[in-house]
Amino acid sequence: MYAIVEVGGKQYKVEPNKFFKTEKLEANVGEKVELPCLLVADGEKVEIAAAGSKKAKAVCEVLENGKEKKVVVYKYKAKKNVRKKQGHRQPYTKLKVLSIEK
C-alpha cells in the first residue's frame with residue numbers, strides 16, 4: 001500500500017513504516033501530523049481524491065526538525081572585481097509514516 005501526499009507545495013510517495021523529509025512544518029518532535037492524500041493505491045485498487053469522495057489521510061510522526069547541509073552560492077563578474085559568496089541551509093522536517101487511512 002502506498003499513497004501520494006502533498007506537503008509544502010510538493011508531492012511525495014509514502015508507504016507505512018517509511019521515512020521522508022519535507023519542508024519545515026510547525027510541529028514539535030513526537031507530535032502526530034495528518035497529511036491529506038491525493039492518491040491511495042492498495043494492490044490492484046487505486047483511489048484518487050476527488051470532490052465529494054472520502055478524504056484519505058496519512059498519519060505521520062515528527063522525528064526531527066533540522067537543517068540540510070550548507071549550499072554555497074558564489075557569484076562573480078569577470079574583470080570587474082565583483083565577488084559575492086553566500087550560504088544557505090534549508091530547514092526540513094523528518095517524518096515517519098505510521099498508517100494510511102482511507
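Two strands count as paired if DSSP finds at least two bridges between them. Strands themselves are DSSP runs (E, at least two residues), numbered from the N terminus, and helices are runs of H or I with at least four residues. With that in hand, here's a quick tour of a predicted model, where local features need pLDDT of at least 70, side-chain atom pairs count only at pLDDT 80 or more, and totals for chains, interfaces and linings use all residues. Residues are numbered from 1 along each chain as its sequence is written, and side-chain values use heavy atoms, with hydrogens and water left out.

**Strand pairing**

- Strand S1 (residues 2-7) runs antiparallel to strand S4 (residues 32-42), and four bridges link the two.
- Look at Ile4 and you'll find its bridge partner in S4, Leu39.
- S1 also pairs with strand S2 (residues 10-14), again in the antiparallel sense, over five bridges.
- In that pairing, Glu6 sits opposite Gln11 of S2.
- S1 and S2 make a hairpin with two residues between them, and Gly8 in the turn has a positive phi of about 60°.

**The loop between S7 and S8**

- Lys79 isn't a glycine, yet its phi is positive, at about 65°.
- You'll find Lys79 in the loop between strand S7 (71-77) and strand S8 (82-88).
- Lys79 is exposed, with a relative accessible area of 84%; here exposed means over 50%, buried means under 20%, and partly exposed is in between (1.4 Å probe, protein chains only).
- Asn81 is another non-glycine residue with a positive phi, near 55°.
- Asn81 also belongs to the loop between S7 and S8, and it's exposed at 69% relative accessible area.

- Tyr74 is part of strand S7 and is partly exposed, at 47% relative accessible area.
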